[in-house]
Amino acid sequence: LNEGFIHNKVFTKKVEELNKILENYHKEEPLKVGMKKEECKNKLFSKKLKKEVFDEFINLMLEKGLIDSNENYVFKRGFKPKLNKREEQIKEILLNTYLENGFTTPKLKDVIKDDKEKVIYNKIFKYLKDNGDLVSIDENIIFHKDYVLKGKNLVKEYLSKKGVATIGEIKDSLNIQRKYLVPFLEYLDKEKVTKRVKEGRVLF
């Protein structure tokens with residue numbers, strides 16, 4: 001693979017290799033959405049291959065309907081992690097807990113009622129983050145995806161009217177505790193929704 005071009009025979013060979021890699025990965029990690037793109041690139045080609053070239057290869061496979069992928073992961077076409085009955089129950093417990101807590105973050109250890117299930121709770125917690133249902137705002141703050149979207153829209157609406165606003169003004173408007181709002185605004189800065197200026201925050 002060089003400068004965006006790949007010979008048909010090489011392409012076919014790499015498709016077969018990738019399918020084997022993903023098949024083995026899904027067997028070993030049945031609860032994970034898929035393999036991280038960087039890991040996939042290194043296994044299939046090399047660390048030296050440019051990300052942009054690998055992305056072109058993945059896009060070609062997507063166009064041909066040979067695999068599936070999202071922003072961060074590659075997985076076999078049609079693959080979905082399969083949860084057993086208890087795992088499904090824990091998934092719902094976690095989703096409902098984070099949804100009910102809104103713009104606050106419960107600690108995972110406080111959600112786990114039985115220490116014997118700590119491992120499975122951590123697995124499902126990781127699965128929900130990988131799947132985008134729970135979003136890491138920073139290392140300690142997790143919001144349900146619905147509240148990330150809600151918070152994003154509220155901030156955008158407020159700043160579109162105000163132009164620029166301080167943390168205190170946004171806090172009063174959104175009714176979010178400062179300890180959660182500051183990391184959330186920093187998250188929005190990284191997502192290029194907002195931008196920090198001398199006077200406070202503006203829309204990006």
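Modeller: Helices here are DSSP runs of H or I with at least four residues, strands are runs of E with at least two, and both are numbered from the N terminus. By that rule glutamate 88 has its place in helix α4. The model is a predicted one, in which local features need pLDDT of at least 70 and side-chain atom pairs count only at pLDDT 80 or more, while totals for chains, interfaces and linings use all residues. Residues are numbered from 1 along each chain as its sequence is written, and side-chain values use heavy atoms, with hydrogens and water left out.

Biologist: What makes glutamate 88 count as buried, partly exposed or exposed?

Modeller: Buried means under 20% relative accessible area, exposed means over 50%, and partly exposed lies in between, with a 1.4 Å probe and protein chains only. Glutamate 88 has 33% relative accessibility, so it counts as partly exposed.

Biologist: Which residues of α4 and α6 meet?

Modeller: From α4 (residues 85-101) and α6 (residues 118-130), whose axes are 10 Å apart at an angle of about 65 degrees, the residues in contact (heavy atoms within 4.5 Å) include Arg86, Ile90, Leu94 and Tyr98 on the α4 side, and Ile120, Ile124 and Leu128 on the α6 side. By class, this contact of α4 with α6 has eleven nonpolar, no polar and three charged residues, where Ala, Val, Leu, Ile, Met, Phe, Trp, Tyr, Cys and Pro count as nonpolar, Asp, Glu, Lys and Arg as charged, and the others, Gly among them, as polar.

Biologist: Why is α1 called oblique to α2?

Modeller: The axes, which are lines fitted to C-alpha atoms over the stretch in contact, with angles running from 0 to 180 degrees between N-to-C directions, come within 11 Å for α1 and α2 and cross at roughly 125 degrees. That makes α1 oblique to α2, because angles under 35 degrees count as roughly parallel, over 145 as roughly antiparallel, 65 to 115 as roughly perpendicular and the rest as oblique. Among the residues that meet there are Leu18, Ile21 and Tyr25 in α1, and Cys40 and Leu44 in α2; the contact of α1 with α2 divides into five nonpolar, no polar and four charged residues.

Biologist: Why are α2 and α3 described as roughly perpendicular?

Modeller: Their axes come within 11 Å and cross at roughly 90 degrees, and α2 and α3 are therefore roughly perpendicular to each other. Lys37, Cys40, Lys41 and Leu44 in α2 meet Lys51, Phe54 and Phe57 in α3, a contact of four nonpolar, no polar and three charged residues.

Biologist: Why is asparagine 175 called exposed?

Modeller: Asparagine 175 has a relative accessible area of 69%, so it is exposed. This residue lies in the loop between α8 (167-174) and α9 (178-190), and its phi is near 60 degrees, a positive value in a residue other than glycine.

Biologist: What makes lysine 192 exposed?

Modeller: Lysine 192, in the loop between α9 and β6 (194-197), has a relative accessible area of 55% and therefore counts as exposed. Lysine 192 has a positive phi of about 60 degrees although it is not a glycine.
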